[in-house]
Amino acid sequence: MARLTYGTCYAAFYGGGPPVEVPFLARLVRSFNLEGQLRVLDLGCGTGHLLKPLAALGWEVVGMDPQPENLAEARRVAAGTLGVEVVAGGFGDLEAVETFDLVVAVGGPWWYLLTADERADALSRVARSLRPGGVVVPGRCELRVDPQPLPGAATVGGCRGRHPSPPSPAT
């Protein structure tokens, strides 16, 4: 019987099907006219469920996560995939300058930044890591492509997305 770890439990959460984020990200890239050999950072990549599907789009992908168990699973998942690198670290370790066309930080990595100073530093590091014209996808979204409008939804490249818990109006 396989040993149950945090990483394998986390990976099982995604169910093994194609990640819903991938078509959204492909449309987003097209809508921002990003072209050529794209370099993508999956910051807080967890167990790496996006790494191979993003590389399958022809993108060079770097997965970055601070958790050793996540890194081990991400490295296992991405093993043998051309164009994928998995590195240890979180927002505070991001030193890249004008390196990435797309920074993806979905699934909640921003929630680990507990102070305003940590969030400001992280945002500054992410912005600095982007090449001119680069794009950041900064959080967990519910992503759907369907004809029904979502309350509070935004449309990007034909995909509608919204934060899972839109802010309530001020009283």
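Begin by selecting Glu35, which is found in the loop between α2 (21–31) and β1 (39–43). The structure on the screen is a predicted model. Is Glu35 buried or exposed? Glu35 counts as exposed because its relative accessibility is 67%, and the cut-off for that label is over 50%. Glu35 and Asp101 are 66 residues apart along the chain, and their C-alpha atoms are separated by 9.2 Å.

Next, display the strands. In which order do the 5 strands of the open sheet lie? The order is β3-β2-β1-β4-β5, and the pairing is parallel. In general, the strands of a sheet pair through backbone hydrogen bonds, in either a parallel or an antiparallel manner. Colour β3 (84–88) and β5 (130–137): these are the edge strands, each of which pairs on one side only. From one strand to the next, the twist averages 20°.

Focus on strand β2 (residues 60–65), which runs parallel to β3 and is joined to β3 by 5 bridges.

Then select helix α4 (residues 68–78). This helix packs on the sheet, where α4 touches β2 and β3. The direction of α4 makes about 170° with that of β3. Which residues of α4 are buried? They are Asn70, Leu71, Glu73, Ala74 and Ala78. These residues lie on the same side of α4, because they cover an arc of only 165° around the axis. On the other side of α4, select Pro68 and Arg76, which are exposed. Continue past the helix to Gly80, which follows α4 and has a positive phi, near 80°.

Select Trp59 and show its surroundings. Leaving aside residues up to four places away in sequence, Trp59 touches Leu25, Ala26, Val29, Gln37, Leu38, Val40, Leu54, Gly83 and Leu102.

Technical notes. Residues are numbered from 1 along each chain as its sequence is written. This is a predicted model: local features need pLDDT of at least 70, side-chain atom pairs count only at pLDDT 80 or more; totals for chains, interfaces and linings use all residues. Side-chain values use heavy atoms; hydrogens and water are left out. Two strands pair if DSSP finds at least two bridges between them. Helices (H or I, at least four residues) and strands (E, at least two) are DSSP runs, numbered from the N terminus. Axes are lines fitted to C-alpha atoms, for helices over the stretch in contact, and angles run from 0 to 180 degrees between N-to-C directions. Contact means heavy atoms within 4.5 Å. Buried means under 20% relative accessible area, exposed over 50%, partly exposed in between (1.4 Å probe, protein chains only). The arc is that of the directions from the helix axis to the C-beta atoms.
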